[in-house]
Every structure is written in structure tokens, then in C-alpha cells.
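Subject: Structure handover

Hello,

Here is the structure you asked for.

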Amino acid sequence: MENAGKLGLHERYGGHALVTGAARGIGRAFASYLAADGFDLLLVDREAAETNALAEALTAEHGVEAQALICDLTEPGLVEKAERWATDYEIGLLVNNAGISPLDPFLEIPLETHLTTLEVNCRATLVLTHVLGKAMAKRGRGGIIIVSSASALSGSPYFCHYAATKGYGLNLASGLWSELRESGIDVLAVCPGMTDTRPVQDRNLADDLPFYVPIAGPEPVARGALRALGKQPIVIPTFADRMSAGLLSKLMPRSWTLSLVKRSIEKMRG
Ligand SMILES: NC(=O)c1ccc[n+]([C@@H]2O[C@H](COP(=O)([O-])OP(=O)(O)OC[C@H]3O[C@@H](n4cnc5c(N)ncnc54)[C@H](OP(=O)(O)O)[C@@H]3O)[C@@H](O)[C@H]2O)c1
């Protein structure tokens with residue numbers, strides 16, 4: 001893992017950092033950088049073995065206290081659980097990272113799957129941001145990151161509902177960036193492009209991506225996000241993704257963008 005340099009986020013926000021979907025991919029990269037910055041960590045994920053192993057590894061490597069909070073973010077008792085976490089720990093930084101991204105024609109994805117996507121990508125983000133945000137506001141400091149997606153900037157065929165849920169996160173974070181500044185809380189929406197976090201990529205897309213689809217590793221995404229927190233409302237963390245998003249969501253007419261994205265996904269899926 002490349003050193004993120006001095007982040008100074010623990011000095012700024014204090015206490016624990018809570019990361020959802022911490023066991024794998026981008027969440028795991030967030031957890032590693034935050035442990036290196038001095039945060040005690042609350043690693044929320046539904047997979048016990050991997051999350052416990054990560055907690056042990058981060059504790060051993062960085063001398064912080066990392067613990068696994070095994071939780072399915074779709075569970076009905078999430079509100080009560082979040083309230084308990086807010087009472088039991090001083091949580092200075094919240095990273096709403098967990099997300100699921102079913103890829104298929106909209107009408108072929110079962111409604112049940114769409115509803116679960118809504119619960120993980122939107123409801124859990126809302127619950128944690130509201131409950132932990134209130135505790136941060138009382139202390140007068142804190143940071144909240146919502147991991148959205150570049151797909152939120154234009155919508156995406158075959159990821160229609162996923163992109164819509166990511167638009168929710170993007171807009172929630174943008175409004176809160178402005179509204180919560182006076183409470184001492186920094187909020188950031190992160191819009192990564194395609195990121196190599198297997199098994200998501202294995203599930204979704206073939207290995208031979210078209211040359212015009214950049215793919216980043218999870219570390220530059222997490223690093224870019226953590227460096228941008230407190231400086232701006234939205235970040236597209238890597239240079240290649242900023243170029244791609246600029247072209248697709250700003251320069252090209254929306255109809256061209258959607259046709260290109262559709263063709264690209266069809267090509268990648270063979
Ligand atoms: N990878 C990309 O190309 C990409 C691009 C743009 C945005 N993003 C966003 O970045 C975030 C992280 O993506 P990623 O690719 O790193 O994902 P990932 O590799 O699949 O990791 C996500 C983690 O969240 C956990 N999780 C999923 N549903 C959960 C639930 N209901 N309760 C608790 N934990 C749950 C997963 O557990 P399981 O392994 O058990 O499912 C997994 O450990 C997501 O919000 C995603 O939408 C990703």
C-alpha cells in the first residue's frame with residue numbers, strides 16, 4: 001500500500017473511524033489508511049472471518065484498536081444498532097462505503113434485489129449519517145464520507161438502479177457539505193470510476209476492458225478521497241476517472257454518453 005502521506009484526519013476529528021463494507025475492496029483500503037493515520041477502527045461488514053482477520057492485522061501493524069462489528073446493513077434493527085454504536089464509541093469519522101451493484105437489464109433483475117440494493121446503498125447510509133452525524137454535531141467536529149460512483153453523474157444502462165442509488169448518495173453528501181459545515185462536520189461524496197475490487201469485477205465484467213475505460217486500484221481511490229475530505233464537496237479520486245467523467249458527463253450530450261456506456265458494457269460482457 002502506497003503511503004498516503006500525512007492525512008492529519010485523526011487529529012482533526014478524533015476518536016474512532018467507522019467504515020462500512022470494510023472487509024474488502026475500497027473499504028479495506030480506507031480502513032488501512034485510517035489505521036495508519038492513528039484512528040481506532042470499527043470495521044462493519046457481514047463477513048466475520050475476513051473482518052476479524054483484518055481487525056487483527058491492522059491492530060498488529062499500526063498499534064491502534066481495530067474491532068470488527070459484524071452486521072448486515074439490511075437488518076431491520078440497524079437504527080438501534082447505530083444508536084448503540086454512537087453511545088458506546090466516540091466516532092469522529094464515518095465512511096459509508098458498503099454498496100452492492102447488480103448488473104443486468106433493469107427488468108430482469110428481481111424486484112427483491114433492487115430493494116436490497118436500496119437498503120444497502122441508501123437506507124444504511126441515511127441511518128448511519130443521521131445517527132452518527134447528530135453525535136458529531138454535539139461534539140462540534142467530525143467527518144462523513146459517502147462513496148457514490150461516477151455512474152451517478154450520468155446514469156448507466158444495465159446499472160440503472162445502482163446508478164440511481166449512487167445519485168442519492170452524491171446529492172445527500174453535496175447538500176450536507178454545505179449544511180453541516182457550521183457544525184464543524186466535513187462531508188464528502190466520492191465518485192470512483194471502475195475500480196478493481198474483485199470479486200465485484202469477476203461478478204460483473206470481463207477482464208479485457210476497452211482501452212477507453214480506465215480502471216483504478218482501491219488504494220488510489222481511498223487515498224484520493226481522504227485527501228479531499230474537508231476541502232471540497234465531491235471528488236473523483238483518480239486523474240483518469242476525472243478525464244473520463246469530464247468527457248462523459250460534461251462535454252458529451254447525455255444521449256451520446258448513455259449510448260457509449262451501453263455499448264461499452266455490452267462489449268465488456270461479451
Ligand atoms: N468497484 C467499483 O468499480 C466501484 C466503482 C464505483 C463505486 N464503487 C462503490 O464503492 C463501494 C465499495 O465497492 P467495492 O468494489 O470495494 O465493493 P466490494 O469489493 O464488494 O466490497 C464491499 C464490502 O461490503 C460488504 N457488504 C455488502 N453488502 C453488505 C451488507 N448488506 N452489510 C454489510 N456489509 C456488506 C461486502 O460483503 P460481501 O463480500 O459479503 O458482499 C464487502 O465486504 C461501493 O459503495 C461501490 O458501489 C465501486
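In which sense do β1 and strand β4 pair, and over how many bridges? The pairing of β1 with β4 (residues 91–96) is parallel and has 4 bridges. Strands pair here if DSSP finds at least two bridges between them; helices (H or I, at least four residues) and strands (E, at least two) are DSSP runs, numbered from the N terminus.

Two points on provenance. Residues are numbered from 1 along each chain as its sequence is written. The model is predicted: local features need pLDDT of at least 70 and side-chain atom pairs count only at pLDDT 80 or more, while totals for chains, interfaces and linings use all residues.

The sheet

The sheet is open and has 7 strands in the order β3-β2-β1-β4-β5-β6-β7, with parallel pairing. Its edge strands, β3 (66–70) and β7 (234–235), each pair on one side only. Strand β1 (residues 16–20) also runs parallel to β2, joined to it by 5 bridges. Val-19 stands opposite Leu-43 in β2, and its bridge partner in β4 is Val-95.

Strand β2 (residues 40–45) is largely enclosed by the rest of the structure, because 6 of its 6 residues are buried (20 or more other C-beta atoms within 10 Å of the residue's own, with C-beta atoms placed from the backbone). Asp-40, Leu-42 and Val-44 cover one side, and Leu-41, Leu-43 and Asp-45 the other; all are buried.

The helices

Helix α2 (residues 25–36) packs on α3 at an angle of about 25°, with the axes 10 Å apart. Axes are lines fitted to C-alpha atoms, for helices over the stretch in contact, and angles run from 0 to 180 degrees between N-to-C directions. The two helices are therefore roughly parallel (angles under 35 degrees). Arg-28, Ala-31, Ser-32, Ala-35 and Ala-36 in α2 meet Leu-54, Leu-58 and His-62 in α3, where contact requires C-beta atoms, placed from the backbone, within 7 Å. Helix α3 (residues 48–62) lies across β2 and β3, at about 165° to β3.

Helices α4 (residues 78–88) and α5 (residues 111–139) have axes that come within 9 Å and cross at roughly 30°. That makes α4 roughly parallel to α5. In α4, Leu-78, Val-79, Ala-82, Glu-83 and Ala-86 make the contact; in α5, Ala-124, Val-127, Leu-128, Val-131, Leu-132 and Ala-135 do.

Regards

Note on methods:
Parallel < 35°, antiparallel > 145°, perpendicular 65-115°, else oblique. Contact = placed C-beta atoms within 7 Å. Buried ≥ 20, exposed ≤ 12 C-beta atoms within 10 Å, placed from the backbone.
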